[in-house]
Structures are given as structure tokens and as C-alpha cells.
Amino acid sequence: MKLPIIKHLTNFIEENDQDYLIETIEVLEALTEVSSLKDEELDVIGELISNMYGALEVHKMVKEGKDKKEALNDFMKRVLGSIDK
């Protein structure tokens, strides 16, 4: 996951609608079922999906009242904490 991408996607959600990301995730998840995709291509799709889910989670925290910067930082701390374990 990349914080600048999650931040950019969070801004996109604020300016548009989270439904765009949800539908894009659904399309990307459907693409992962293509048997001819190479591992590198699946990795890229997976990274995009995880960043989009991250942006949706940050957006949810902001809607619940958290400052955007704090929500981004808290989310990345959670991600990094789960990696360390």
C-alpha cells in the first residue's frame, strides 16, 4: 500500500463518490480470474485493489469525524502493525 495513492483516492472519493471505487474494485477482482494473466500483472491488480480498499477505509474514518491526516496516519499504522506481526 502506498500512502500517496490512498490519499489521492480519498480525495477522489470526496470530490466524486465512493461508488466509483467500489465498482472499480469489482471490475479488478473479476479480472483476476483471467487465467492468462502473469504473476506480475496479478500483483499490480492486487496492489490497486488494496489501495482502493485502504482509501475506502480512510474515507469511512473521515465520515465518522476523524481528521483526514489523522485517519491516513492511523490507517497506515494499522497496516504496518499487521505486517510486523
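**Labels and the values behind them**

Q: Why is T10 called buried?
A: In this predicted model, the relative accessible area of T10 is 0%, and buried means under 20%, so T10 falls in that class. The residue sits in helix α1 and, leaving out residues up to four places away in sequence, touches A55, V58, K68 and L72.

Q: How do you know whether L9 is buried or exposed?
A: L9 has a relative accessible area of 15%, which is under the 20% limit, and L9 therefore counts as buried. Like T10, which is placed in helix α1, L9 lies in helix α1. Its contacts, not counting residues up to four places away in sequence, are with L21, N51, M52 and A55.

Q: What makes N51 a buried residue?
A: The relative accessible area of N51 is 2%, and since buried means under 20%, the label applies to N51. N51 belongs to helix α3, and apart from neighbours within four places in sequence it is in contact with M1, K2, I5, I6 and L9. The buried residues of α3 include, besides N51, I45, I49, M52 and G54.

Q: Why are α1 and α2 called oblique to each other?
A: Helix α1 (residues 3–15) and helix α2 (residues 18–31) pack at an angle of about 125°, and their axes are 7 Å apart. Roughly perpendicular covers 65 to 115 degrees and roughly antiparallel begins over 145, so an angle of about 125° leaves the pair oblique. In this contact L9, F12 and I13 of α1 meet Q18, Y20 and L21 of α2, and the residues involved divide into five nonpolar, one polar and no charged.

Q: Why do F12 and Y20 count as partly exposed?
A: Partly exposed is the class between buried, under 20%, and exposed, over 50%. F12 has a relative accessible area of 31% and therefore belongs to that class, and Y20, at 47% relative accessibility, is placed there as well.

Q: How do you know that the end-to-end distance of helix α3 agrees with its number of residues?
A: Helix α3 (residues 39–63) has 25 residues, which at 1.5 Å a residue should span 36 Å, and because the end C-alpha atoms are 36 Å apart, the two values agree. The expected span uses one less than the number of residues. After α3 comes G65, with a positive phi near 115°.

Q: What makes the order of elements in the chain α-α-α-α?
A: The chain has four helices and zero strands, and read from the N terminus on, its elements run α-α-α-α. Of its 85 residues, 26% count as buried, and the C-alpha atoms fill a box of roughly 45 × 35 × 15 Å along the principal axes. Among contacts between residues at least 6 apart in sequence, 65% join residues at least 24 apart.

How values were computed. Residues are numbered from 1 along each chain as its sequence is written. This is a predicted model: local features need pLDDT of at least 70, side-chain atom pairs count only at pLDDT 80 or more; totals for chains, interfaces and linings use all residues. Side-chain values use heavy atoms; hydrogens and water are left out. Axes are lines fitted to C-alpha atoms, for helices over the stretch in contact, and angles run from 0 to 180 degrees between N-to-C directions. Helices (H or I, at least four residues) and strands (E, at least two) are DSSP runs, numbered from the N terminus. Angles under 35 degrees count as roughly parallel, over 145 as roughly antiparallel, 65 to 115 as roughly perpendicular and the rest as oblique. Contact means heavy atoms within 4.5 Å. Ala, Val, Leu, Ile, Met, Phe, Trp, Tyr, Cys and Pro count as nonpolar, Asp, Glu, Lys and Arg as charged, and the others, Gly among them, as polar. Buried means under 20% relative accessible area, exposed over 50%, partly exposed in between (1.4 Å probe, protein chains only).
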